[in-house]
Amino acid sequence: MTQELFLLPGDGIGTEIMAEVEKLIAHLNASGKTDFSTDSGLVGGCAYDAHGEAISDADMEKALGADAVIFGAVGGAKWDGVPYEKRPEAGLLRLRKDLQLFANLRPAIVYPALADASSLKRELVEGLDILIVRELTGGVYFGEPKEITDLGNGQKRAVDTQVYETYEIDRICRVAFDLARTRSNLVHSADKKNVMKSGVLWDEVARQVAADYRDVKFEHILADNAAMQLVRNPKQFDVIVTDNLFGDILSDAAAMLTGSLGMLPSASLGAPDPDTGKRKALYEPVHGSAPDIAGKGLANPIAMIASFAMAMRYSFNMVELADEIESAIAAVLGGGLRTGDIMQEGCKQVSTEEMGAAIVAEIG
Ligand code: NAD
């Protein structure tokens, strides 16, 4: 059955790295491994230039109808002055909101060839493969009240509200446990139950969910300890599930264990459709539009291609193909090809296109 991908390259290097994914899709379709149809739209600054919005209603409809959305990156100095609600990032926020993408998956994988690029010692990170599952639509970034009030005595008072309801914790924990079953069967749930009521509820619900997954080992960890353990001994983790704020911080810390922004993929998933079981999903590299290198053929397409591999794994259950794409990336790196951002002594520097072509050639 033909499956529909909606491609949103965006701005800056977004178009260059998406071009490499398009070549990969063409190759996979031609070799009979997949049967994807693709459509493309505008998001971010380019959409603002074309429609006066960071994403048009027509493209939002297409995103809602697609089997998966593949997103590049948005933003650039050109749009610094546009109204706040029309800024490039508003396109991504609308996609997350309208597709109800509550689960953000950020893997941190250290390819053997890049173990020396990490800020930690090789032996601590070599072979690292962890997954941070971050709640994306609730918590302190969205809770009300959220305000700054003038107290009239030369002082102001700022309030953000950390708020979670049972169903929000339950559904993100179930995503984490389901994913752990496809990996190493271990979930750490990170919260601050020692000082926060939302942490007490988080832990209570996480333990209830854990009881439904007796085959998966469950560990509680305080979020500050999780940060410490990530830089002390990251290989002790498999899946870490946590709230929006702690997930934001812990996933950035985990990301840097791998050495380069140009290597980091991500997925954002919604709830399964009650009839079909299919989830809405958006796949994107963690990095931005890198205006400093845009248009120069310098961008590393690996984060984008690895995001596409995540789509194969999580939206289409094509686990073998996802493994094959990830192995191809590892093989190309093992063969010594590097884009500028991950260049090492003794390796060969290649362009965005050359890196993309080498990965496709490796897939065969
Ligand atoms: P950035 O991630 O775009 O770039 C940070 C640094 O990393 C730059 O030096 C860049 O050249 C390098 N880099 C990033 N991706 C790379 C890749 N694939 N290959 C090689 N080098 C790479 O972050 P920034 O410079 O802070 O932001 C630039 C623009 O991107 C801003 O407008 C920002 O708002 C936007 N942004 C968008 C997203 C998104 O679309 N999800 C995320 C972050 C930032």
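Predicted model: local features only at pLDDT ≥ 70, side-chain atom pairs only at ≥ 80, totals over all residues.
Q: Why is strand β8 described as largely enclosed by the rest of the structure?
A: A residue counts as buried when its relative accessible area is under 20%. Six of the six residues of β8 (residues 186–191) are buried, so the strand is largely enclosed by the rest of the structure.

Q: How do you know that both faces of β8 are covered?
A: In a regular strand the side chains alternate between the two faces of the sheet. On one side of β8 lie L186, H188 and A190, on the other V187, S189 and D191, and all are buried.

Q: Why are β8 and β9 said to pair, and in which sense?
A: Pairing requires at least two bridges between two strands. Six bridges link β8 with β9 (residues 217–222), so the two strands pair, in the parallel sense. Within β9, E219 is the bridge partner of H188.

Q: How many bridges join β8 to β10?
A: Four bridges join β8 to β10 (residues 239–242), and these strands run parallel. H188 has I240 as its bridge partner in β10.

Q: Which residues of helix α4 are buried, and what do they pack against?
A: The buried residues of α4 (residues 88–98) are P88, A90, G91, L92 and L95. They pack against β1, α2, α3, β3 and β12.

Terms used. Residues numbered from 1 in each chain as written. Heavy atoms only, no water. Buried < 20%, exposed > 50% of the residue type's maximum accessible area, 1.4 Å probe, protein only. Contact = heavy atoms within 4.5 Å.
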